[in-house]
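Open the model in your viewer and keep the selection panel at hand. The tour goes from one chain to the other and then to the place where they touch.

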Amino acid sequence: MTHEPSNRREENALWSIFGYLVSGLLFWGGIGWAADHFFGTTYLVLIGLLVGMGGALYLVWLRFGRE
Amino acid sequence: MRAFVKLHAEGDGFVPPSTNDFNLPPITESIAWLTKPVLLVFLSVILVSVFFILSSRKAAVVPSKLQFAGESIYGFVRNDLARDVIGHEFMRFVPYLFTLFTFVLTNNIFGIVPFLQFPAMSHVAFPYVLAIFSFGVFHYVGIQKHGIIKYLKEIAFMPGVPKPVYILLTPIEIATFFLVRPLTLSLRLFANMFAGHLLLLVFIMGGDYMMHDSHLIMKLFSPFSFAFGIALTFFEFMVQCLQAYIFTLLTALYIAGALADEH
């Protein structure tokens, strides 16, 4: 059950990407949701989720796409 | 849904397993905290200790079967988890990773051992505590290696980005490292053990209920429920090993990340 080092890097990347996507959605989606509550609107949570997704994907690209 | 089930389960009808099946009563009335999961955790510590002390006590160049079994598990954690993931500093972390792996594995497998049959990790408090340990370890080694300011800076500020973008990215990075990582670590283990135990309860209890039902057709289908329960038990064994492996692997990955010179 020995793995190639490159295999390991991919595994590592997989879990990091998962973490980034979850926290991007959670944080900016949460901000959007709170703003919706505060302003009485309904669309800010969607914007928050999209911003979080975009930010998370950008982070993933910064960290794994540039090499 | 709940009302429907209740309606359907009038009289001595089938009571589906629920979260109540996880809240086991204390073993003696006088000690409120001494429940079955607590006892199982103690038992697992004793079992793991005794097994590895016995298997390593009379260590020989030509190993006995017991020594071989113990060394295989140790070798797996040391080589495939610690060394491959962490790199040249790995020996420092082998004791922790090894303890973690064997402890979680033993407790998970208790879920399908006859008479024990309860995975302690299906109580969320146990995975939480383990995740807090791992959380402490990987942040501690990061701070120890880089110093607290440089370590936090490396987490929060990805290099090579225009400054205003940090408003967008820094919260995501901080949330990842301080919230999402420990939470996913513990919840993954908890949810797998919880769902697996519930699944087994449904099929075994369902089969039992159908067997004692007065309708012939129910009796006829009862063996299928039991057969599915047995098949799922093997499936659960796989999940239990896998979850112990993943918990340890992720801890090792986080340690490796904290030790790395840059992202």
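Two residues are in contact if their C-beta atoms, placed from the backbone, lie within 7 Å. Helices (H or I, at least four residues) and strands (E, at least two) are DSSP runs, numbered from the N terminus. This is a predicted model, in which local features need pLDDT of at least 70, side-chain atom pairs count only at pLDDT 80 or more, and totals for chains, interfaces and linings use all residues. Residues are numbered from 1 along each chain as its sequence is written, while chains are lettered from A and ligands numbered from 1 in the order in which they are written.

**Stop 1: chain A**

Select chain A. Its secondary structure consists of two helices and zero strands. Of its 67 residues, 27% count as buried (20 or more other C-beta atoms within 10 Å of the residue's own; exposed means 12 or fewer, partly exposed in between). Among the contacts in chain A with a separation of 6 or more, 46% join residues 24 or more positions apart.

Now select residues 12-35 and then 41-61 of chain A, each given as "transmembrane region" in an unreviewed UniProt entry. UniProt positions are in the numbering used here, feature names are shortened, and annotations may be inferred rather than shown by experiment. Residues 12-35 of chain A are 100% helix, with end C-alpha atoms 34 Å apart. Residues 41-61 of chain A are 86% helix, and there the end C-alpha atoms lie 32 Å apart.

**Stop 2: helix α4 of chain B**

Select residues 94-109 of chain B.

Which residues of α4(B) are buried? They include B:Leu97, B:Phe98, B:Phe101 and B:Asn108. To see what the buried residues of α4(B) pack against, show α2 (36-57), α3 (65-86), α5 (125-146), α7 (166-211) and α8 (216-259) of chain B.

**Stop 3: where the chains touch**

Show both chains. Here 20 residues of chain B are in contact with 20 residues of chain A. On the chain B side, α3, α7 and α8 each supply at least two residues. The largest share, 11 residues, comes from α7(B). By class, this side of chain B has 12 nonpolar, four polar and four charged residues (nonpolar: Ala, Val, Leu, Ile, Met, Phe, Trp, Tyr, Cys and Pro; charged: Asp, Glu, Lys and Arg; polar: the others, Gly among them).
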